[in-house]
Amino acid sequence: TGIAKFGNLINIDLVMDLLECLKSLLASSVGESTPTSSTSHSKNSNLSFQGVVQCLIAVFDILRNHHGVVDVDLMEYYTTMYEAINQMASMDNVRYVGLVIRCLSGMLMVPNLPKQRVLAFCKRLLMASLHLPPYAALGVMHLVNRVGSRYPYVSDLFDSEEGGQSGISGYQMELPDPDHANASQAVGWESTLVGSSYHPYCASYARDCLIKRQVPKVLLAQTPNSLVNQYDDSEGGFNPPLSLESEGSGSSNKKEARRVA
């Protein structure tokens, strides 16, 4: 967005007023969710899903450009994005997965975040990956991996042997506040399901990079959005293309069987 792009040129005296305007826009988008519509993020919303994410990108870009000068409570912005993740997997909103990843990168790849908040966001992203097309799930998993490189305790989501708990004392995924969802009790079991995906790269990423924590160096240099763009098949077809090798070997085996018969 233009505000995010030129946020570093905004006079500090106007920053607080601008943040207040963006906050009021986001407040108008808090309400009953309507995941089937991309033009309305919520029942009484003035912003689309795309608009909500762009507002959040603008907020965090402005704060990054004025780091140490502007002191505001960011919790409302985090809870808004935490709710928006649930809307990402709808048919209309999945095309904005690149925007969501950009926004979350700015929100999570920063120092000194509360542990419960980081784990809650990573867990919700893993839950969303089950409902996303493979190219989008790849980007989301890579984002979780990158957050784990800054906050090593994210690997606890995949290392639990006892499994997570549910209920009052366990992980509470329905709570709107990520800081109180008790995500330290969660388990990233979604990676096991994604590891069975028909998409070869998506499946191998879940198995090797998330569960086994064996990330190739070539992947470490790539951003989540670069993976989204690299394997995007939203225009149809398969990416990567289907290999005819197995089909050829199958037909040759049939010929060999007929020959033996």
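Predicted model: local features only at pLDDT ≥ 70, side-chain atom pairs only at ≥ 80, totals over all residues.
Ground rules: residues are numbered from 1 along each chain as its sequence is written, and side-chain values use heavy atoms, leaving out hydrogens and water. Local features need pLDDT of at least 70 and side-chain atom pairs 80 or more, while totals for chains, interfaces and linings use all residues.

**Exercise 1.** Work out how phenylalanine 60 and tyrosine 78 pair up.

*Solution.* Start with the cut-offs: Phe, Tyr and Trp (its six-membered ring) rings pair with centres within 6.5 Å, and planes under 30 degrees apart are stacked, over 60 edge-to-face, the rest tilted. Phenylalanine 60 and tyrosine 78 come in at 5.5 Å and 80 degrees, so that's edge-to-face.

**Exercise 2.** Decide whether tyrosine 201 and tyrosine 231 are buried or partly exposed.

*Solution.* Buried means under 20% relative accessible area, exposed over 50%, and partly exposed in between (1.4 Å probe, protein chains only). Tyrosine 201 has 38%, so it's partly exposed. Tyrosine 231 has 12%, so it's buried.

**Exercise 3.** Find the arginine whose charged end sits over the ring of tyrosine 82.

*Solution.* The test is NZ of Lys or CZ of Arg within 6 Å of the ring centre and within 35 degrees of the ring normal. Arginine 124 passes, 3.7 Å from the centre. Tyrosine 82 also belongs to a ring cluster with Phe60, Tyr77, Tyr78 and Phe121.
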